[in-house]
Each structure stands twice: as structure tokens, then as C-alpha cells.
Amino acid sequence: MSEERLQKLLARAGAGSRRACERFIEEGRVTVNGRVAHLGDKADPARDAVLFDGDSVRAAASVLIALNKPCGYLSAMADDRGRRCVAELLPMGEHPSLFHVGRLDRDTSGLLLFTTDGALAQSLMHPSKEVLKTYVAQVEGRVRERELDQLRRGITLEDGPCSPAEADVLKPDGDGAEVRIVIHEGRKRQVRRMMEAIGHPIRTLSRVAIGAYELEGIPEGAWRVLEEGEAARLFQPPPWHRG
């Protein structure tokens with residue numbers, strides 16, 4: 001385990017919220033290797049002697065959680081305007097230092113990851129890893145192959161060009177269609193803007209997979225802890241990936 005900020009280490013050990021742990025440090029209640037700690041200090045719990053009020057701190061093992069996010073929730077741990085946040089759906093008492101890996105718009109549902117492992121989160125979000133994210137959208141209008149070809153070549157939006165996406169019509173849906181889109185970027189409302197750019201506004205949108213890990217068996221609003229083998233699937237391509 002590498003060094004991490006003391007307030008995060010304390011929170012993972014169950015001493016309190018990260019903000020409370022920052023206060024404990026400022027109050028001089030935390031020491032590292034016999035020295036009173038200061039806010040901003042880091043420590044490696046495998047190597048350093050970290051004490052809180054004289055008791056040894058042992059950080060809990062890192063955890064990775066998959067949530068089936070419902071529409072209407074912000075991808076945030078708190079909101080100063082009182083809006084519903086995903087933290088309300090998670091075991092924050094057991095894992096107070098959970099944070100979200102990436103985001104979903106408030107009106108987008110589906111797979112959202114949370115972890116206490118900063119290195120894992122950084123790896124999942126780093127552009128060089130090109131972790132694939134699969135969405136299923138209900139869109140307006142009949143979708144033609146030539147329109148999807150724009151996405152496959154890499155469409156340009158107001159904030160710049162997008163990397164080529166995978167896009168397929170799964171089935172007609174009344175006066176619209178169900179479309180699957182696979183991207184590895186994470187720009188704000190990207191999938192919605194991509195579909196609007198080709199003339200097919202999205203009615204509903206859900207993220208159904210990250211890498212080869214599919215959102216199955218988790219009811220809306222529920223979560224589950226991922227095992228090590230499942231975490232590895234996040235970096236693998238889904239079965240429908242063309243390569």
C-alpha cells in the first residue's frame with residue numbers, strides 16, 4: 001500500500017468522515033511515527049505508526065462497489081442545495097471514504113462504481129486505459145446506418161472531436177429506436193450530445209456495462225461489492241466489442 005493523505009486513511013479506518021478527520025488532525029490528536037501530524041501529511045499504514053488519540057490506526061481493506069443508479073440522483077456524495085445524492089444509497093457508515101469513479105448525469109441510470117482505492121479509480125478513469133463504457137438509449141426517430149456511421153468515424157461536438165464510437169440499433173421502438181453506444185471517453189453528457197448531433201434526441205439513457213462487467217442482477221437503487229475477478233473484467237472488452 002502506498003502513502004495516502006492522513007484524513008483519508010483515518011476515514012477508511014472508521015474514525016469518522018473525511019472532514020471530521022481533518023479536524024482531528026488540526027486538533028493535534030493524530031501522530032505519525034511519534035510526531036504530531038499536520039493537515040496535508042501522508043502516511044503508509046503498512047510502514048508508518050499512525051495513532052489517533054493514542055490508539056493504533058488500521059485502515060480497512062479497499063473496496064469496490066457497483067451501484068445501479070436510478071434517475072433523479074446526483075453523482076455526488078453531498079449537495080449543498082439538498083438534492084438527492086448517490087451517497088444516500090450506499091453503505092457510507094461501513095465505508096465512509098467511498099467516492100465515485102466517474103459520473104452519470106442526474107437523468108441517466110445504470111452502472112456507477114465507487115471505491116476507497118485511489119489508484120484503482122485513477123486507472124479506470126485514465127484516458128490511456130480506454131476503459132469501454134456501454135450505454136443503451138431509447139431515442140426519437142428512425143435511426144439509419146449512415147447516421148450511426150458519423151459516430152463510428154468520430155463526430156465533432158462543440159467542445160471538440162470525439163473518438164470513434166461503436167453504435168448499433170438493437171431494435172425499433174415505436175416511433176423511435178433502442179440504440180447501443182460504446183465509448184471510452186467521459187465528457188459531460190457526451191452520449192446525449194452525440195445522439196442529438198445526428199438528429200435523434202435521447203428519451204432514456206442507461207449505462208449497462210463498464211468493460212466486460214455488465215449490470216445484471218442488481219435492482220435499481222441497490223449495490224453490491226465486486227470481487228477481485230469482477231474488478232479485472234472492468235478492463236476487458238465486452239462481448240459485443242468489435243475490436
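Select Glu230 and show what surrounds it: leaving aside neighbours within four places in sequence, Glu230 is in contact (heavy atoms within 4.5 Å) with Tyr213, Arg224 and Val225. This is a predicted model, in which local features need pLDDT of at least 70, side-chain atom pairs count only at pLDDT 80 or more, and totals for chains, interfaces and linings use all residues. Residues are numbered from 1 along each chain as its sequence is written, and side-chain values use heavy atoms, with hydrogens and water left out.

Stay on Glu230 and display its side chain. The side chain makes a polar contact with that of Arg224 at 2.7 Å (a pair of N or O atoms within 3.5 Å; within protein, one must be able to donate a hydrogen and the other to accept it, and residues adjacent in sequence count only if both atoms are side-chain atoms). The Glu230 side chain also reaches the backbone nitrogen of Glu227, at 2.8 Å. Glu230 counts as buried because its relative accessibility is 16%, the limit being under 20% relative accessible area with a 1.4 Å probe and protein chains only.

Then move to Gly102, Arg103, Gly186, Arg187 and Arg207, the closest to the centre of the largest pocket among its 29 lining residues. A pocket is an open set of points on a 1 Å grid over the protein atoms alone, with protein on both sides within 12 Å along at least five of seven lines; lining residues have an atom within 4 Å of a point.

Definitions and conventions
1 Å grid on protein atoms, 1.4 Å probe; cavity = no way out; pocket = protein on both sides within 12 Å on 5 of 7 lines; lining within 4 Å. Buried < 20%, exposed > 50% of the residue type's maximum accessible area, 1.4 Å probe, protein only.
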